[in-house]
Every structure is written in structure tokens, then in C-alpha cells.
Amino acid sequence: LFGVDRVDMGWKGPKRIGAGLANLGNTCFLNSVLQCLTYMPPLVNYMIDGKYVTSCRVKGFCVLCELHRHVLDALRQTGHVMQPLGIVSKLKFIARHLRVGRQEDAHEFLRYLVDAMQKACLAGFQSNTLDRASQETTPVHQIFGGYYRSQVICLQCRQESNTFEPLLDLSLNIKNCPTVKRALERYI
């Protein structure tokens, strides 16, 4: 669906600091995630490209189209504060149980947001027409995804059996870890 060669990991030219986000009643969890995503080069490059928006197949609210609008608006409004109303007003479509006005978890919101983005990429395809490998070639999976490898080695013949499971999220324990690399090593 989307070749890995189309993912540009670096910035395409210099970027200015965009707008800050207003807190709309305990929306810190949402704002912090949006701020991180707004400055994530491969995602921003994909959003600026705009090809998804012109070919969107989602009926109703599309989180990728709204994120596209948000990123472009934020990057254009240097030095200003904006209200992320497009995302806040549709929060129930991203995560039904999260509510504005309550303290919520940023990581949980990010997980639901990435899942909603992945579903938007797959919209318009019948679930039985795309095999798992094809579903793992969306822009969202190319940017956020990876694989767990489970390996079993026979103690008698030393034959290796590897199984790969797709992931869009990896929770690392960073306590007492000086680097992400060390946290990954500890995870394994």
C-alpha cells in the first residue's frame, strides 16, 4: 500500500517552530501527543505531501485528514496559540472512553490515535481482501510499526524457529536507563 522507500525520515527543508496549543479543559494529554506528532519528521512529511487527503476513503470523520489539517495549521502559526478543536471535538471517535475535562493518559491516547490512523489507512478495503502483510505496508505502519521476533531453538538439533508479530507500540521501562538503546536491550 505504501512503500518503505516513500518514508522520508528526515526533515524536508528547515521547519519553524509552530503554534502552541491551548488547554481546553484538561486536554494536556491530547496536546502533548499532538505536539510530539507535529514535530515527527516522517509523519509531518507524509502530512505535508497531502496525497492521503485527496484519496481518503473514510466515510465521516477521518483522523488522518484532521491530523493533516492540524499539522499544517500548527506549522503555519508560528508564535501563536491555537485550539485543537478538530481533534478535541471528535475525541469519542478516536477513543470512546476518553473525555475532555477529565485527566487522561497521554500514552493511552497515543495508542488509540495511532490505531485510528491505521484504520483510516485501511478504510475502503474489505477486511478479507488484504492479507496481514499488506496491512503492514500502510504509511502508519511504515512510520510507527515494527515487529516482535519470537525465537525458539531446539536444544537437540539447534534448529531455529522464528515468528514475527507486527506492532505499532512498544512500552519500554526507562527507569534507571540512560538511553533508549539500553532500555531496548533490557526489554529483550
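Helices (H or I, at least four residues) and strands (E, at least two) are DSSP runs, numbered from the N terminus.

**View 1. The whole fold, from a predicted model.** Let's start with the overall layout: the protein has ten helices and four strands. Following the sequence, these elements come in the order β-α-α-α-α-β-α-α-α-α-α-β-β-α. The C-alpha trace spans about 65 × 45 × 40 Å along its principal axes. Of contacts between residues at least 6 apart in sequence, 58% link residues at least 24 apart.

**View 2. The surface of the protein and its buried share.** The protein exposes about 11600 Å², and carbon and sulfur atoms account for 53% of that area. Among its 188 residues, 37% count as buried.

**View 3. Helix α2 packing with helix α4.** Here you can see α2 (residues 41-49) and α4 (residues 63-76), whose axes lie 9 Å apart at an angle of about 100°. The two helices are therefore roughly perpendicular to each other. On the α2 side, the contact is made by Leu43, Val44, Met47 and Ile48, while α4 brings Leu64, Leu67, His68, Val71, Leu72 and Leu75. By class, the residues of this contact are nine nonpolar, one polar and no charged.

**View 4. Cys154 and Cys157.** The structure holds zero disulfides. For Cys154, the nearest cysteine sulfur is that of Cys157, 3.6 Å away; a disulfide would need the sulfur atoms within 2.5 Å. Cys157 is likewise in no disulfide. Cys154 is partly exposed, at a relative accessible area of 31%, whereas Cys157 counts as exposed at 53%.

Note on methods
Residues numbered from 1 in each chain as written. Predicted model: local features only at pLDDT ≥ 70, side-chain atom pairs only at ≥ 80, totals over all residues. Heavy atoms only, no water. Axes fitted to C-alpha atoms, helices over the stretch in contact; angles between N-to-C directions. Parallel < 35°, antiparallel > 145°, perpendicular 65-115°, else oblique. Contact = heavy atoms within 4.5 Å. Nonpolar A, V, L, I, M, F, W, Y, C, P; charged D, E, K, R; others polar. Buried < 20%, exposed > 50% of the residue type's maximum accessible area, 1.4 Å probe, protein only. Areas by Shrake-Rupley, 256 points an atom, 1.4 Å probe, with all protein chains shown as cover.
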